[in-house]
Amino acid sequence: MTKTKSSSKSSSSKAEKCACGKDCKCACCERESAFPICFLACVMTAVLVALAFAISFTTVFSYDLKHKYGTRFSGQFAEDLQNAEDGKMLEISAGSVVDFYESGQTGFIYASSDQCSECASFEERLVNIASGLGTLPNVYHYNYPANNDPSEYDYYAMTITSDGETDPVLLYVRGGKIYDRLDDYYGEAGVSSFLAKYKEAN
């Protein structure tokens, strides 16, 4: 009778012991409570892997596109620069815009769209003010041909200059990167101070 009690006691003691061989109630030994943690860890791992793939794909795609256009239009800005005329703002092509950024140029880029109703009056003010300040040779105009079936290069040039906006956009680009942008397109004082601020840097 004593033996039976002892054997039932030892069997219940064995049942309470963990897989690690100790009498504990840790989560690693209790399978039911470990399942939600394992499931959450799996889900988090899957999300992180998917995010890493998405970031890698976007980065590679952007780099390939930039590299493709940069190689395609290398030297285009210097070529367009040869067509500059005194007293006139130089019109540059989409390829020239790409090359301007890629080759680390410095100057002002005025981007507009042929759907922009305010661009003609702004352009006239810009030319007059830039001529008076002596900065006109450093102001380059890119016109996005929205009404004339723009090419993929035009679309890319408009994206990197003005994020697809149709309002007039005047940028100061330094070393191939957008350094500043004019916010007031309506007053002459704003245009004048913007051009004068970076006159010496060109």
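In which hand, left or right, does α4 pass α6 in their crossing? I looked this up, and then the sheet.

**Ground rules.** I am working on a predicted model, in which local features need pLDDT of at least 70, side-chain atom pairs count only at pLDDT 80 or more, and totals for chains, interfaces and linings use all residues. Residues are numbered from 1 along each chain as its sequence is written, and side-chain values use heavy atoms, with hydrogens and water left out. I take helices (H or I, at least four residues) and strands (E, at least two) as DSSP runs, numbered from the N terminus.

**α4 and α6.** I found that α4 passes α6 in a left-handed crossing, meaning that the near helix is turned anticlockwise from the far one by less than a right angle. The axes of α4 (residues 94–102) and α6 (residues 152–162) come within 8 Å and cross at roughly 45 degrees. That makes α4 oblique to α6; the term covers what is left after angles under 35 degrees (roughly parallel), over 145 (roughly antiparallel) and 65 to 115 (roughly perpendicular). Axes are lines fitted to C-alpha atoms, for helices over the stretch in contact, and angles run from 0 to 180 degrees between N-to-C directions.

I listed the contacts (heavy atoms within 4.5 Å). From α4, Ala-94, Val-97, Val-98 and Tyr-101 meet Tyr-153, Asp-154, Tyr-156, Ala-157, Ile-160 and Thr-161 of α6. Buried residues (under 20% relative accessible area, 1.4 Å probe, protein chains only) in α6 include Met-158 and Ser-162. Just after α6, I noted a positive phi of about 55 degrees at Asp-163.

**The sheet.** I traced an open sheet of five strands in the order β1-β3-β2-β4-β5, with mixed pairing. Its edges are β1 (90–91) and β5, each with a single partner strand, so one side of each has no neighbour in the sheet. Strands count as paired if DSSP finds at least two bridges between them.

**Thr-135.** I checked the loop between α5 and β3, where Thr-135 is found. Thr-135 is buried, with a relative accessible area of 1%. Not counting residues up to four places away in sequence, Thr-135 touches Ala-130, Leu-195 and Lys-199.

Conventions:
Buried means under 20% relative accessible area, exposed over 50%, partly exposed in between (1.4 Å probe, protein chains only).
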